[in-house]
Amino acid sequence: MPRLGFVPCEHLATPRRAAAVTLAALAAGVLLASVSFAFMGVNPVSALTRIFAGSFGSLYGWGETVTKAIPLALAGTGLCLAFQGRMWNIGAEGQLLCGAVAATGLALAAPDALPAWLMIPLLFLAGFAGGAACGAVPGWLKARFRVNEVISSLMLNYICAELVQYLVYGPWKGRQQFGFPYTNNFSAAATLPVLGATRIHWPTMVLAALLAPAAHWLLTRTKMGFEIRVMGGNPVAARYAGMDPRRTAVLVMALSGGLAGLAGTGEVAGIHHHLTYPWSISSGYGYSAIIVAWVARLDPLLVLPAALFFGGILVGGDAIQTSMHLPGSAINLFNGIILMCLIAGEFFLRYRPRWRAEAGA
């Protein structure tokens, strides 16, 4: 009796087929999410309508969507770099928090000493350095001791969250915050300007819009990008060609973490204006950025629309929580289903089904 198996595809998928498979995976994810809504006793059409109406149906919704898309775009761009080099960075959440801590440290150390035109670039540099340092650790552990970067970067997320809690409950707890676990508020010079009445901190938005094509250029037009892609495709061939996979591993993880650190700077300097609970600074942006990177098919240019889409999902999730009394885990389930469908789509791009006759039949 023949059995169904899977064999590797002989040729790489064309861009048109890859786009078709990605769209089909997204459609399957939405369909399965609809089924899950039905099991929760919620009308799936109503839930999906409220998700997209809440995020894209008004100017306020668009403002919130763009606000949430900014950290997703920055962290997602960094993850594209790491994943292209087959460095499975799961630590963008912790790297974002490290960037927030570094920027906060600078803002508290120099509250009124510097003008805004100098202070804001320094905040972003500090955030990038903090995220890069956090990202470089799992890269170095992988290069030096072959420690699995999935485990080490994931564990660092928890360590970074505990670090933030220690700081806001301990040495950095602000005297002006009436006992709440916040640092003192940033000075006006260290606060990012926003667009109109929205919460869109436009300097971070501009950075995200510029760094995504810059990352695409890095990957496709530079020697370093070529080394990253070769290392991701075939590390043995990279060594044979004289490349140093260890150096590239550390560098790409530092770059990836640095971009997440910029997102952390934007959150503390553009949204909160102080350091506070880790789950308040980042509502899972680092994890959602993994989905953004895969939806973009690891192309930084496609990260921007993908981040906007998932920013809308997050805003719509808040809308259905309040209007339909669904738990926050419902939108996490929605995101998880879409990620699983995308991974399945990636599998079918690399393998094709084939019926095989059983041996001895």
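User: What volume does the second largest pocket have?
Analyst: This is a predicted model, in which local features need pLDDT of at least 70 and side-chain atom pairs count only at pLDDT 80 or more, while totals for chains, interfaces and linings use all residues. Residues are numbered from 1 along each chain as its sequence is written, and side-chain values use heavy atoms, with hydrogens and water left out. A pocket is an open set of points on a 1 Å grid over the protein atoms alone, where a 1.4 Å probe fits and protein lies on both sides within 12 Å along at least five of seven lines. Grid points are joined across faces, edges and corners, and the volume, being the space filled by probe spheres set on the points, comes for the second largest pocket to about 310 Å³.

User: Which residues lie closest to the centre of the second largest pocket?
Analyst: Lining residues are those with an atom within 4 Å of a point. There are 13 of them around the second largest pocket, and the closest to its centre are Lys-142, Ala-143, Arg-146, Arg-239 and Pro-245.

User: Which helices each supply at least two residues of that lining?
Analyst: Helices here are DSSP runs (H or I, at least four residues), numbered from the N terminus. By class, the lining has 6 nonpolar, 1 polar and 6 charged residues, where Ala, Val, Leu, Ile, Met, Phe, Trp, Tyr, Cys and Pro count as nonpolar, Asp, Glu, Lys and Arg as charged, and the others, Gly among them, as polar. The helices that each supply at least two residues are α5 (116-145), α9 (235-240) and α10 (245-272).

User: Which residue forms a salt bridge with Lys-142?
Analyst: A salt bridge is a side-chain nitrogen of Lys or Arg within 4 Å of a carboxyl oxygen of Asp or Glu, and the whole structure holds 3 of them. Lys-142 is partly exposed at a relative accessible area of 27%, where buried means under 20%, exposed over 50% and partly exposed in between (1.4 Å probe, protein chains only). Its partner is buried at 3% relative accessibility, and the closest N and O atoms are 3.0 Å apart, the partner being Glu-149.

User: How many residues apart in sequence are the parts that Glu-64 and Arg-199 tie together?
Analyst: The side chains of Glu-64 and Arg-199 meet in a salt bridge of 2.8 Å, N to O. Glu-64 is in helix α3 (residues 59-84) and Arg-199 is in the loop between α6 (149-169) and α7 (202-221), so the parts that they tie together are separated by 135 residues.

User: Is Glu-227, which forms a salt bridge with Arg-247, buried or exposed?
Analyst: The closest N and O atoms of Glu-227 and Arg-247 are 3.2 Å apart, and the pair links helix α8 (residues 223-233) with helix α10, 20 residues apart. Arg-247 counts as partly exposed at 44% relative accessibility. Glu-227 has a relative accessible area of 9% and is therefore buried.

User: What kind of aromatic pair do Tyr-277 and Trp-279 form?
Analyst: Rings of Phe, Tyr and Trp (its six-membered ring) pair if their centres lie within 6.5 Å, and planes under 30 degrees apart count as stacked, over 60 as edge-to-face and the rest as tilted. The whole structure has 11 aromatic pairs, including Trp-140 with Phe-145, which is edge-to-face at 5.4 Å centre to centre and 85 degrees between the planes. Tyr-277 and Trp-279, at 5.0 Å centre to centre and 20 degrees between the planes, form a pair that is stacked.
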